[in-house]
Amino acid sequence: MSAADPEFALELRDVRKSFGKTEIIRGASLQVRAGERVAVIGPNGAGKSTLFNLISGRFGSTSGDILLNGSKLDGLTPYEINRRGLARSFQVSNLFTRLSVFENLRCAVLWSLGYKYSFWRFLAGARDANERAEEVMEMIKLHKRRDVLAMNLTYAEQRALEIGITIAGGAQVILLDEPTAGMSRSETARFVNLIRDITVGKTLLTVEHDMGVVFGLADKIAVLVYGEVIAFDTPEKVRANERVKEAYLGSAQADAQVAQAGH
Amino acid sequence: MNSPQTAASVYHFKPYNVGRWLIWGGYALVMIAAPLLWKSSLSLTMLSQMGIAIIACLAFNMLLGQGGMLSFGHAVYSGLGSFFAIHALNMASNGQIVLPVSLVPLVAGCFGGLFALLLGYVTTKKAGTPFAMITLGVGELVAAMALMFPGFFGGEGGINANRVQGEAFLGITFGPQIQLYYLIAIYTFISTVLMFAFTRTPLGRMLNAVRDNPERVEFIGYNTQYVRYFAFIASGFFMGIAGGLAALNFEIVTAEVVGAQRSGAYLLFTFLGGALFFFGPIIGAVLLVLALVLLSELTQAWLLYLGLVFTFMVMYAPGGISSLIMMNLRVASFGKLRPLLGSYLALAGTAATVLLGAAVMIEMVYHLQLNEALGPNMKFMGATLNAKGFDSWFGACFVLLVGLVLFEVARRHFLKEWGQTQESIEREIKKREAAT
């Protein structure tokens, strides 16, 4: 394979990860073009969250390469990867609990706007940061809860803030780990629209269990089974894929579920 | 119904945003007026020490309250600041360097910051418990060094200096305590302003974020170690200033200023004052000096009382005094404080009863242990007690037990009432929110 191929926003080349003797990710490969929305699906324990942790730098991979816009991320820390334009959300809301909604978002934009570790200027004067935080707050519809501490938000509001923090810094590649987990039907529908709106023009990778969300949101679906990407294609083709049916959607019940969700 | 404007102003209740000028003006006024109200030399000494303690506790709280870093060895930075200040003072009086006395604390601050720069890199590599352990280790290391290098640290006797030197500038020699007090007051005021300003900067806010959730901070582009490290250096700088002022104040610095006991005092009183609010450590610092100077005069068992108060606060009011104040201000802003007054009186009365019973027993034990030569009779609050007598012990036990039972009853009643008040406030907030 040639060196860097910047036509892919995110590329995984035979990525492996072992914990002790257990290999969780067994040679996963994936090529995501800029602007694509990709849903990563797979049965429990397939390694979806581990894969996200590898891409975002939370863990180092055992072997293989992960490339962001053609450059390798090997050995980089999460903050270095974030500075190169990749942001992620978490399955369990990971917020700044004792800060307000507004402060949470403002923290999330500071680095990308170049404020770094500065202590010689006031936040009140950081107009671009304040405006960007307000803008994101409007997007995620939390502007009425501006000064509420993150720990006092409802579950759905915390999930929205989780996504707000992820996108606030303006990263081009966004990883969302089960953004709609634990939400009601109506909340999920609202959330899918929200995610679609805020990721316009961005590359999105999302782990999802809800087939309705998957088919409603994704341009492409990556099927992860036992640490391998066994299929990566458009939703229609993935649904028709025999290997996927066999390995992941094996039972007739799951088949019906997929068919139903697709309509 | 309320107009939307007032509802919004109550809803966005930010206590120290309201009339900030008034608060800072009042703060300055208190520092200017205090020595005019309390004129005795003892109170002047105490006021000077309070100023120093305020800087130290606020600097300590940059780590504890704002950064979630529990340091067990922060006296290292104030203490080393003190030593460099006293040496600088001696070098200036020998003519080796030119340094106005009023700038000595600044030199000490720079050395405090320098040592935080050197030692802090290792210390801030970790957060949480490992951080606390490393600070403990560094604290012991420096305390041991203080005994190993008597040339610099002065050994047992410490190092002396004279703060009165050179020609008087506008009649200011810093000889009289009142002149030094105002120097300390100026440093305290400016340091407080600077440390408050720090909380309003990008680094200051990211420090809060690192306190709440260091993991997430890594995923929004920040290196958490650097955030902790830079805050640590800033804290070390202000600790150094406090140390430098202490050196000027006492004109002697001994090895104990870098010791664990001093570090413990900063931690304890910052916590008592309350780490959650910026002004909490100021209350803590005032209490520190009151306890160290007055309480220790009053009773030999003062450390024991302090330990009891500390334990009590950790159990029942972990937010410290400042958070008690703020919670009650919130209740008062909704006009619901008055109905709670009865409960507060009951709590105070029963707590005083417990204290009385406990104090009699503690004092009797101390009397028997330390003043045996004086016989079993002792004075306690005007009454004569027989420390070996059955009556005194029975009485003390009785008062203590009755006090404890009544206190528990009062506490439960209060908790119920407090819960109801909070609920009604929540309802009111919701109602106002709906009205907008």
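This is a predicted model: local features need pLDDT of at least 70, side-chain atom pairs count only at pLDDT 80 or more; totals for chains, interfaces and linings use all residues.
Residues are numbered from 1 along each chain as its sequence is written, while chains are lettered from A and ligands numbered from 1 in the order in which they are written.

**Chain A**
- Ten helices and ten strands make up the count for chain A (DSSP runs numbered from the N terminus: H or I of at least four residues for helices, E of at least two for strands).
- Along the principal axes, its C-alpha atoms fill a box of roughly 60 × 45 × 35 Å.
- Some 44% of the 263 residues are buried, that is, with 20 or more other C-beta atoms, placed from the backbone, within 10 Å of their own.

**Where chain B touches chain A**
- Here 24 residues of chain B are in contact with 32 of chain A, contact being C-beta atoms, placed from the backbone, within 7 Å.
- On the chain B side, helices H9 (202–212), H10 (214–218) and H11 (224–250) each give two or more residues.
- H9(B) gives the most, with eight residues.

**Domains of chain B**
- Chain B is assigned domain 1 (4–303) and domain 2 (334–435), with bounds from an automatic or database assignment.
- The C-alpha centres of these two domains of chain B lie 33 Å apart.

Conventions
A residue is buried if 20 or more other C-beta atoms lie within 10 Å of its own, exposed if 12 or fewer, and partly exposed in between; C-beta atoms are placed from the backbone. Two residues are in contact if their C-beta atoms, placed from the backbone, lie within 7 Å.
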